[in-house]
Structure formats: structure tokens, C-alpha cells
Amino acid sequence: MSSRELARPADNAACREMIRTGSRSFFLASMLLPDEIRGGAYALYGFCRLSDDAIDVEGGSAETVGRLRRRLDLVYAGQPSPEPVDRALADAVLVYGIPRAAMDALLEGLEWDVSGRTYDSLSDVRAYAARVAGSVGAMMAALMSARRPDLVARACDLGVAMQLTNIARDVGEDARAGRLYLPRDWFHEAGIDPDGWLTAPTYRPEIGAFVDRLLGVAGELYARADVGIAGLAPRFRPAIFAARHLYAAIGARVAANKFDSVSTRARVSFARKTGLIALAVSRAARTPPPSFAPPPSPETRFLVEAVSATPAVRRPDRAGRGRVESDLIWTLDLFSSLGRRPQVQ
């Protein structure tokens, strides 16, 4: 792909709009990313959102996943289809050296969804989370040129922690759609038939205990991720700490609801989100260097190896190209997000 075929400003704007309307928490965190990688992050999110919607909103099938794979084939061949997300993603792949294995892992996780795969153990759930979210952490590590195995491992931990938090929050919503991401072994240990519960999902103390247990695992992974965030270049830390704290706050709200995520859905208030953004900025400024480096989780090792083995590419110098306009958009986006109280809530 030549420099003439890089994403157009309109393509990046389309991806930014997808994240602005699709995930307020992620969008708020992304506002803290430095300009040099913000467009790449939007492109990654745009493809993830497009893929998610193809499965969840449009009633995806194995053929849907096949079409997404064929689009990726074109992206990695440097000949993306004429869609804003595809062109923006092709740009990110070229500029940041995003390994195809991470993208394939994401689609494999979506394929597990459409095939109705079940998850018997916690390791099974973590393997699913590694694909649909740990892969995104791995790709973000590549964006930030954090290709050391220990840093990639922690990025994957953060992605898995976020996904486990989402699972804990969405137990009722998923169950009413016929999906169960809590380990089935836990149901059997408690004397509950998971398939029977799925036919009429209601809250009971045992379900609350499962949610509490899953959030405990997520909490351990957030703590491991903190080590990796501390090892990032200072300019990247505020955004990643923000994402970490915003998602962990969802788990805190689930706990405040007595772990009942069947009959209610946890929401983080606007005031709390803005406070967490300030906390992230403060914490990033005073974070000491990491003191230890746990090995990668078995479920994410393949992602760590893929990113670590992919050489960094020489990025084209974009300094000054639309920098004033980019910073203006950043400022307007940030204040727009903070001012949209109803949508944020």
C-alpha cells in the first residue's frame, strides 16, 4: 500500500463517530490518547464494533464471520474494500504493524458466539474473553509500540478483565438472549441445572455468588494490568488507566447492587466517570516503574507471542499534517462528551 492509499480524514471521522455513539466509557478514555495513535485506536474499535453488530444486531452466522474474514484478507493485502472502517483499519495495520493473529482471534471468539459454544470451566470463559477482548489489548499494545512480552501480557490481562466485568454485568441480558458465559461447572457445583436456569433466568443467591466470584478474578487481572500500564510511555498511561478504572467501576456498581445483574443492569454515573478520568490522569503522573512481571496467562500466551514476534514498522512522519485541526477536534470531542450527561449515564 502506498502513502496515497492511507485512510482519508473522513474514514477516521466515521470511526470516531462509531466509538462516540457506541461506547461512552471507551470514548472518554480515548480522548486521553495522544494524537499519534488515537486514529489507530478508532480504526480498531470501528472494526470491532462493526463485527459485534454483524453478530448481535444483524443476527450473524458462520457465513457472517466468513465475510468478515474476507474483508480482513483484503485489509492485510493492502486492498481494503471501499468502506471507511476497512480503509482506516488498513491504514492502522500498515502504520502500526497490527498482527493478523490478533484479528483472527477476535473473529474466532465471534464464531464461538454464533456456533452456540458453551463454557464449562473458568478457563473456558477466559479463553473466550482472550479472543474477544484480550486480542484488543494485544492490538493496543502494538499501537503503543509496547511489544515486550511482559507489556503485551499485561495488555491482554486488562482486556480479559474488562470482558469478565462485562459478563458479570450482563448475566441477565445474556441469559434472556439464550447465552450463558458464567462457568457451567459453578452451576453444577451449586446443584443448579444451567440449561434449566436459562429457560427462566431469575436472580438467586447462588447466581450472585457466581458474579462475585467472577469479579474477583477480574480484580486480580486489573491488578496485574496495573504493572503493565506503569511500564508504558508516560503519554499513554492516562488513557489506559482511564479505561481500566472506568470498567472496574462497572464491577463496583454490580457489587453495590448486591451482585444482582439478572434483574438490574449496573450503570456508572456521569459524575463518577468524570472523577475516574481525573484519577487516571493523576495516577499516570505518579506511577512508579513496574516492580515485577508475571508470566502471561495460558489463555493469552498465543496473543503475546504474536505481537512480540511482529516487528515494529517505521511509521510515516505525520507531524504537522492536520495537527491543529486534530487537536481542535480532540478538544471539541472531549467537552462534547463531558457535556452530554444523559447519554453518558
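User: So a nonpolar core is a set of buried Ala, Val, Leu, Ile, Met, Phe, Trp, Tyr and Cys residues joined through side-chain atoms within 4.5 Å, where buried means under 20% relative accessible area, exposed over 50% and partly exposed in between, using a 1.4 Å probe and protein chains only. Which residues have the most contacts inside the largest one here?

Analyst: F47, L89, M140, L164, F187 and W197, in a core of 112 residues. Helix 7 (residues 122-143) gives the largest share, 14 residues. Helices here are DSSP runs of H or I, at least four residues, numbered from the N terminus. Bear in mind that this is a predicted model: local features need pLDDT of at least 70, side-chain atom pairs 80 or more, while totals for chains, interfaces and linings use all residues. Numbering starts from 1 along each chain as its sequence is written, and side-chain values use heavy atoms, without hydrogens or water.

User: What is F47 in contact with?

Analyst: Setting aside neighbours within four places in sequence, F47 is in contact (heavy atoms within 4.5 Å) with L68, L72, V85, L89, M103, L106 and L107.

User: Switching to Q163: buried or exposed?

Analyst: Buried, at a relative accessible area of 15%. Q163 sits in helix 8 (residues 149-169). Beyond four places in sequence, Q163 is in contact with Y128, A129, V132 and A133.

User: And how do helix 8 and helix 13 cross?

Analyst: At roughly 25 degrees, with the axes of helix 8 and helix 13 (residues 237-256) coming within 9 Å. The contact includes L158 and M162 of helix 8, and I240 and Y247 of helix 13.

Technical notes:
Helices (H or I, at least four residues) and strands (E, at least two) are DSSP runs, numbered from the N terminus. Axes are lines fitted to C-alpha atoms, for helices over the stretch in contact, and angles run from 0 to 180 degrees between N-to-C directions.
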